[in-house]
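Colleague: I have a model open and want to learn how to read it. Can we take the features one by one?

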Amino acid sequence: MSKKWKWIIGLLFVGVVLGGALAVSSMWVMHKTSETSFCLSCHTMQAPYEEYQGSAHFMNQKGIRAECHDCHIPQSGMDYLITKIRASKDIYHEFVTGKIDTPEKFEEHRLAMAQTVWDQLKANDSATCRSCHQFDAMDLQKQSADAQKMHALGIKEKQTCIDCHKGVAHFPPEITIDSKAHDALMEHARQTPADAKEVYPVAPAPLGNLGTVYPATKLAVVGKSGDAREVEITGSQMQGAEQVIYLSAGQRLVLATLTEEGQKAVKVSSDWEKDPYGNAWRSVSLRAPLAEPALGKPDEIWNYAKTLDQAYCSGCHAPISSEHYTLNAWPSVAKGMGARTDISAEDLDILTRWFQYHAKDIATRE
């Protein structure tokens with residue numbers, strides 16, 4: 001063999017050895033930088049780690065633990081490499097730019113970082129979640145009634161895990177609504193023309209000394225009472241609860257609550273009739289003064305409600321259609337979910353009414 005070929009073979013051998021060493025060392029580095037201990041080497045990861053320790057992915061009755069890489073790093077393929085490259089930016093911002101090098105800065109950017117992860121999981125059909133969880137492996141009958149319902153809905157609508165489980169291991173970002181949005185609603189209500197034929201209150205408003213009317217209730221304007229509008233509210237009363245005017249028989253969407261004077265002023269337009277559950281209802285109307293501002297259409301109230309839905313509901317799970325529950329079911333559902341957020345009682349009432357007025361069994365749609 002000539003000296004030339006010996007050199008070529010020698011160089012190839014050295015190249016193979018160096019290439020193999022590089023590949024092995026790269027794999028080792030990739031593996032080590034995927035370990036939870038490496039993630040915790042950045043002190044700003046301590047808060048997310050403590051959140052994770054309080055989740056079922058850290059400790060559960062089956063003793064199965066999902067580490068950071070199990071949820072955040074796809075197991076193989078280009079998704080794996082892309083994720084590792086993307087993750088390097090966190091190290092860059094931790095040690096170079098200082099963008100997230102304090103708990104305060106981390107919280108400031110929590111939403112943007114969370115959205116990046118959510119988008120990736122949405123794009124890859126929650127690949128890391130599905131490495132452990134599969135719809136066809138679920139025994140739905142052993143799940144809670146709510147879980148069965150939501151998983152059945154997810155299967156039907158071809159949703160992916162992250163659509164509903166955004167806060168599964170870490171606290172979801174706090175999303176708040178600027179009070180200016182509600183103030184703008186009130187300002188628009190003040191601009192409603194005096195000759196409007198119907199109005200919709202933005203907030204609970206007194207009906208003189210006759211009672212209180214609630215947001216989005218349709219009120220027919222029938223005249224003036226001094227500086228106030230004279231309005232008429234039409235709905236139903238249930239026997240035994242005459243202090244409340246509901247939307248219609250059997251549909252317990254509260255339009256107004258009445259004082260004793262208000263109950264006496266009610267005009268009855270039908271006899272008591274029992275519903276399938278044995279409750280007796282009758283149609284009623286009430287005329288009363290309304291001094292508070294009100295909108296000429298409910299559209300702006302519903303737009304505000306949709307904003308509330310996006311901020312307080314969709315931050316944790318996929319949007320749930322208003323038609324998913326009945327009008328009577330929505331209040332308890334909304335109350336239960338609202339208790340998990342810092343939504344105000346006033347905003348929760350508006351959001352609940354949006355769901356009720358657009359429920360699957362609503363008698364009258366706006």
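Colleague: Let me start with Cys161. Is Cys161 buried or exposed?

Modeller: This is a predicted model, so every value is computed from predicted coordinates. Burial is judged by relative accessible area, and buried means under 20%. Cys161 has a relative accessible area of 17%, so Cys161 is buried.

Colleague: And how many disulfides does the structure hold?

Modeller: The structure holds 0 disulfides. A disulfide needs two cysteine sulfur atoms within 2.5 Å. For Cys161, the nearest cysteine sulfur is that of Cys129, 4.5 Å away, and Cys161 is in no disulfide.

Colleague: Next, Arg130. Where is Arg130 found, and is Arg130 buried or exposed?

Modeller: Arg130 is in helix α8, which covers residues 127-130. With a relative accessible area of 17%, Arg130 is buried.

Colleague: Which residues is Arg130 in contact with, leaving aside neighbours within four places in sequence?

Modeller: Arg130 contacts Asp125, Phe135, Gln159, Thr160 and Cys161. That brings us back to Cys161, itself buried.

Colleague: Now helix packing. How do I describe a pair?

Modeller: Two packed helices are described by the angle between their axes and the distance between the axes. Take helix α12 (residues 299-313) and helix α14 (residues 345-357). Their axes come within 9 Å and cross at roughly 110°. That angle makes α12 roughly perpendicular to α14.

Colleague: Which residues make the contact?

Modeller: From α12 come Ile301, Trp302, Tyr304, Ala305, Lys306, Leu308, Asp309 and Cys313. From α14 come Asp347, Ile350, Leu351, Arg353, Trp354, Phe355 and Tyr357.

Colleague: How do the residues of that contact divide?

Modeller: In the contact of α12 with α14, 11 are nonpolar, none is polar and 4 are charged.

Colleague: Last, the whole chain. How many helices and strands are there?

Modeller: The chain has 14 helices and 11 strands. Of its 366 residues, 36% are buried. The accessible surface comes to about 21800 Å², and carbon and sulfur atoms hold 57% of that.

Colleague: What share of the contacts with a separation of 6 or more joins residues 24 or more positions apart?

Modeller: In this chain, 63% of those contacts do.

Key:
Residues numbered from 1 in each chain as written. Predicted model: local features only at pLDDT ≥ 70, side-chain atom pairs only at ≥ 80, totals over all residues. Heavy atoms only, no water. Helix = DSSP H or I, 4+ residues; strand = E, 2+ residues; numbered from the N terminus. Buried < 20%, exposed > 50% of the residue type's maximum accessible area, 1.4 Å probe, protein only. Contact = heavy atoms within 4.5 Å. Axes fitted to C-alpha atoms, helices over the stretch in contact; angles between N-to-C directions. Parallel < 35°, antiparallel > 145°, perpendicular 65-115°, else oblique. Nonpolar A, V, L, I, M, F, W, Y, C, P; charged D, E, K, R; others polar. Areas by Shrake-Rupley, 256 points an atom, 1.4 Å probe, with all protein chains shown as cover.
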